[in-house]
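Me: I'd like to go through this one feature by feature. Could you give me the general idea each time, and then the case here?

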Amino acid sequence: MPANWQRTLSHCVPHYRFLSPVLRERLHGLVEQFVAEKEFWGNRDLVVIPEMKVIVAAQACILVLNVPRLGLYSETKEVILYPKDFGETLEAIGPDGRIYKIDMTRIGEASRRGPVLLAWEHVKQSAQDRLDGRNVVFHEFAHALDYLNGAADGAPPLEREEDFAEWSRILGAEHRSLMAAASMGRRTLLDPYGAENPAEFFAVATESFFEDGRRLKRNHPALYGQLRRFYQQETAEWGHW
């Protein structure tokens, strides 16, 4: 790996510092493979430079660092970067004749066999703000993992078929709990956006697992245990941010 790529990892990907030397070397190889295999495109005049590719690739590869059976996002061929939020705001007329706006903008998007779309502004922010439990790269590439076995339903490819029952039981209960909290406006460790559906819950839980594993283990031990088994990492031991 080029020395300047390693400097980028050290300075711009905070999770890198918690990896052992062996895992860092493994990550180097995955990042190089990811950058070589995936097409990166900039939208709205955004010029994609190597540093940007490395930052995105490293975070995507951290998810599969200890799970070689998942491959390297075989269904994802392209990454498209936007300068900031993308989409549009629509205007609609209500029954009373009033005009109101519907915000259709987003910061990331993943689809089956399609590209992963990311707002570069939020990719940078995710790396800089390491205490909020939010990371758009982790979120969208969790969706990409979910799509590996068909539709995104919150159940990515598990190691054994018999593991699905326990996965469904624990994540289902946690999802229902988040929905109840969100409906009452209660503050939660997990992003309330995860209450939308099981796929979003898995993506949000993945963000929390890699961003704030210690608190996730303390507050949601069963959920943490399922994610630890799936990702084969003990993020609660990564130390204080």
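Me: Let's start with burial: is arginine 228 buried, exposed or partly exposed?

Reply: Before that, a word on the ground rules. This is a predicted model, so local features need pLDDT of at least 70 and side-chain atom pairs count only at pLDDT 80 or more, while totals for chains, interfaces and linings use all residues. Residues are numbered from 1 along each chain as its sequence is written, and side-chain values use heavy atoms, with hydrogens and water left out. Now burial: buried means under 20% relative accessible area, exposed means over 50%, and partly exposed is in between, with a 1.4 Å probe and protein chains only. Arginine 228 has 33% relative accessibility, so it counts as partly exposed.

Me: Which residue does arginine 228 form a salt bridge with?

Reply: General idea to begin with: side chains of opposite charge can pair when their charged atoms come close. The cut-off is a side-chain nitrogen of Lys or Arg within 4 Å of a carboxyl oxygen of Asp or Glu. For arginine 228 the partner is glutamate 234, with the closest N and O atoms 3.6 Å apart. Glutamate 234 is partly exposed too, at 25% relative accessibility.

Me: How many salt bridges does the count come to?

Reply: By that rule, 9 salt bridges. One of them pairs arginine 134 with aspartate 191, at 3.2 Å between the closest N and O atoms. That pair links distant parts of the chain: arginine 134 is in the loop between α4 (120-128) and α5 (136-146), and aspartate 191 is in the loop between α6 and α7, 57 residues apart. As for the labels, helices are DSSP runs of H or I with at least four residues, numbered from the N terminus. Arginine 134 is partly exposed at 29%, whereas aspartate 191 is buried at 18%.

Me: Where do glutamate 166 and arginine 229 sit in the chain?

Reply: Glutamate 166 is in helix α6 and arginine 229 in helix α9, 63 residues apart. Their side chains meet in a salt bridge at 3.3 Å, N to O. Both ends are partly exposed: glutamate 166 at 30%, arginine 229 at 41%.

Me: And what about a charge without a partner: how far is glutamate 200 from the nearest side chain of opposite charge?

Reply: For this, Lys and Arg count as positive and Asp and Glu as negative, while His and the chain ends are not counted. Glutamate 200 is in helix α7 (residues 198-211). This residue is buried yet has no salt bridge, and arginine 106, the nearest side chain of opposite charge, is 9.8 Å away. Contact means heavy atoms within 4.5 Å. Leaving aside neighbours within four places in sequence, glutamate 200 has His139, His143, Tyr193 and Gly194 in contact.

Me: Which residues does proline 192 touch, not counting those up to four places away in sequence?

Reply: Arg134, Leu178 and Ala182. Proline 192 lies in the loop between α6 (163-183) and α7, and is partly exposed at 42% relative accessibility.

Me: On to the rings. How many aromatic pairs does the count come to?

Reply: Rings of Phe, Tyr and Trp (its six-membered ring) pair if their centres lie within 6.5 Å; planes under 30 degrees apart count as stacked, over 60 as edge-to-face and the rest as tilted. The count here is 15 aromatic pairs. Among them is a stacked one, phenylalanine 18 with tryptophan 238, at 6.1 Å centre to centre and 10° between the planes. Phenylalanine 18 lies in the loop between α1 (3-12) and α2 (21-37) and tryptophan 238 in the segment after α9 (221-231), so the pair ties together parts 220 residues apart in sequence. Tryptophan 238 is buried, at 11% relative accessible area.

Me: Why is the pair of phenylalanine 230 and tyrosine 231 edge-to-face?

Reply: Because their planes are at 70°, with the ring centres 4.7 Å apart. Both residues are buried, phenylalanine 230 at 3% and tyrosine 231 at 0%. These two belong to one aromatic cluster whose members include Phe18, Trp167 and Trp238.

Key
Helices (H or I, at least four residues) and strands (E, at least two) are DSSP runs, numbered from the N terminus.
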